[in-house]
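User: I am new to this structure and would like to understand the words used to describe it. Please take me through them one at a time.

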Amino acid sequence: MERGRPVRRGVESTFGLMFLVMLTIAAGNTALQSVLPALGRSLGVKDSAVAAAFSVSALLWVLAAPFWANRSDRHGRRLMILLGLGGFCISLLLCGLFLAAGINGWIGGTTAFLLFIAGRLIYGTFGSAAPPAVQALVAGNTTREERTRALTLLASAFGLGTILGPAVAPYLLLGHVGTVEVGLAGPAFVFAAFGLVIFVTVRRMLPDDRGLTAEAHGAVNAYPSIGGQSSGASVQAAIAPPGTRVGYLDPRIRTWMAAGLVMGHAQAMTGQAIGFLVIDRLGLPPRMALESTGIVLMMGAGAALLAQWGLIPLLNLKPRALVLVGLVLAAAGTALTGLAPSLYGIATAYALASLGFGFTRPGFTAGSSLAVGPEAQGSVAGKVTSINGASFVLGPSIGVGLYELWHPLPYLTAGLACLVLFVWCWAALRDAAPTVAAYDDPVV
């Protein structure tokens with residue numbers, strides 16, 4: 001026992017560092033998302049251009065993530081983690097510099113945002129390299145009995161980051177550095193500096209594992225975004241052995257895939273527009289709206305976690321019931337969010353919508369999993385993750401585009417979509433007989 005303690009302490013310290021890697025990558029991205037509506041308004045940039053900056057980044061993440069996951073298995077975990085962290089730091093640093101240049105009037109607002117989008121391309125392309133490598137590293141240092149719990153806890157860091165980022169962003173608004181105003185660009189610089197610390201620590205602590213036989217594999221993670229809490233599919237894909245490949249149109253899962261895509265877009269549409277809604281509905285100056293936006297986002301995140309960590313295990317509903325209950329709550333919550341006249345109304349309505357989506361995402365994940373046998377679990381989990389990620393490619397731009405036409409429109413549209421989807425799911429979705437333990441480590 002005594003001889004084993006140093007090894008165990010080493011494993012625990014490595015896990016703690018990997019937890020920080022996942023937390024930082026997710027929190028930095030969502031912190032920037034939460035302040036960008038205020039930045040766009042301050043710089044006189046169209047709301048749709050703000051949404052496009054994250055849609056482009058999400059698209060590149062979805063395209064690049066499978067490539068980096070495969071490279072991780074062949075070229076070492078440490079290298080891929082450093083690549084992801086390096087892309088994260090460089091992207092945020094450049095984004096901060098371009099935004100600061102716009103804030104100080106050195107370049108025009110439109111030019112600042114075009115350069116900002118270029119910086120976001122780096123994050124989308126390289127940031128997705130780290131999560132699969134982190135998963136594989138942790139999986140390789142745990143026994144099969146420990147693995148699912150460890151990866152679930154690791155995934156919770158990614159989900160926690162999507163909450164922590166918007167929560168701390170209002171506290172990271174820097175004043176002046178000399179004669180230069182940093183202001184709303186502060187979160188980008190702070191998270192770039194924190195990411196650099198993590199980068200150096202990883203480089204010093206982790207040994208070079210290139211050329212070593214891979215003991216476990218990692219899986220693609222969905223793009224970390226506001227409202228994009230994890231469904232657990234990435235963990236399932238990481239622990240599933242290689243097996244039969246299943247297509248999106250496979251009769252067993254295609255209705256679940258279609259439902260997941262619609263639900264995901266409804267959530268992405270409403271989440272990305274919420275910062276603009278708070279500014280306009282409350283009549284606040286952009287910078288003064290950050291705290292109110294943070295309150296709304298934290299209420300929504302808390303409600304989603306209440307569903308996933310508390311109510312789902314308590315109620316023990318089957319996947320179809322999870323989806324149907326969630327769609328009713330999401331339909332009511334999104335519609336009320338679009339019509340709410342006050343901060344209290346917006347926050348509580350958005351929390352109701354998030355509670356609903358907190359039911360639908362795990363229901364979609366479990367239903368897809370139970371529809372196939374054990375041999376196809378990895379393939380289906382990968383499809384679920386890709387659907388979740390794809391929702392945040394066009395969803396934000398669609399939502400903000402509708403918002404520019406009429407402020408309540410994305411919320412009323414999402415509510416109507418959820419109601420129509422409820423009717424379709426009532427008729428089309430069926431619970432399959434359990435073939436795997438879809439709720440072994442439910443959802444994070």
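Analyst: Let us begin with contact, which means heavy atoms within 4.5 Å. This is a predicted model, in which local features need pLDDT of at least 70 and side-chain atom pairs count only at pLDDT 80 or more, while totals for chains, interfaces and linings use all residues. Residues are numbered from 1 along each chain as its sequence is written, and side-chain values use heavy atoms, with hydrogens and water left out.

User: Which residues is His265 in contact with, leaving aside its neighbours within four places in sequence?

Analyst: Ala390, Ser391, Leu394, Gly395 and Ile398 are in contact with His265 when those neighbours are left aside. His265 itself has its place in helix 9, residues 254-282, where helices are DSSP runs of H or I with at least four residues and strands are runs of E with at least two, numbered from the N terminus.

User: Why does His265 count as buried?

Analyst: Buried means under 20% relative accessible area, exposed means over 50%, and partly exposed lies in between, with a 1.4 Å probe and protein chains only. His265 has 17% relative accessibility, and therefore counts as buried.

User: What makes Ile198 buried?

Analyst: Its relative accessible area is 4%, so Ile198 is buried by that definition. Ile198 is found in helix 7, residues 186-205, and, not counting residues up to four places away in sequence, touches Leu17, Leu20, Val21, Thr24 and Leu85. Of these, Val21 is 177 residues apart from Ile198 along the chain, yet their C-alpha atoms are separated by 6.9 Å.

User: Why is helix 11 called roughly antiparallel to helix 14?

Analyst: Helix 11 (residues 319-339) and helix 14 (residues 409-428) pack at an angle of about 160°, with their axes 7 Å apart; the axes are lines fitted to C-alpha atoms over the stretch in contact, and angles run from 0 to 180 degrees between N-to-C directions. Angles under 35 degrees count as roughly parallel, over 145 as roughly antiparallel, 65 to 115 as roughly perpendicular and the rest as oblique, and that is why helix 11 is roughly antiparallel to helix 14.

User: How do you know that strand 1 and strand 2 are joined?

Analyst: Two strands pair if DSSP finds at least two bridges between them, and three bridges join strand 1 (residues 174-177) to strand 2 (residues 180-183), the two running antiparallel. Leu174 stands opposite Gly183 in strand 2.
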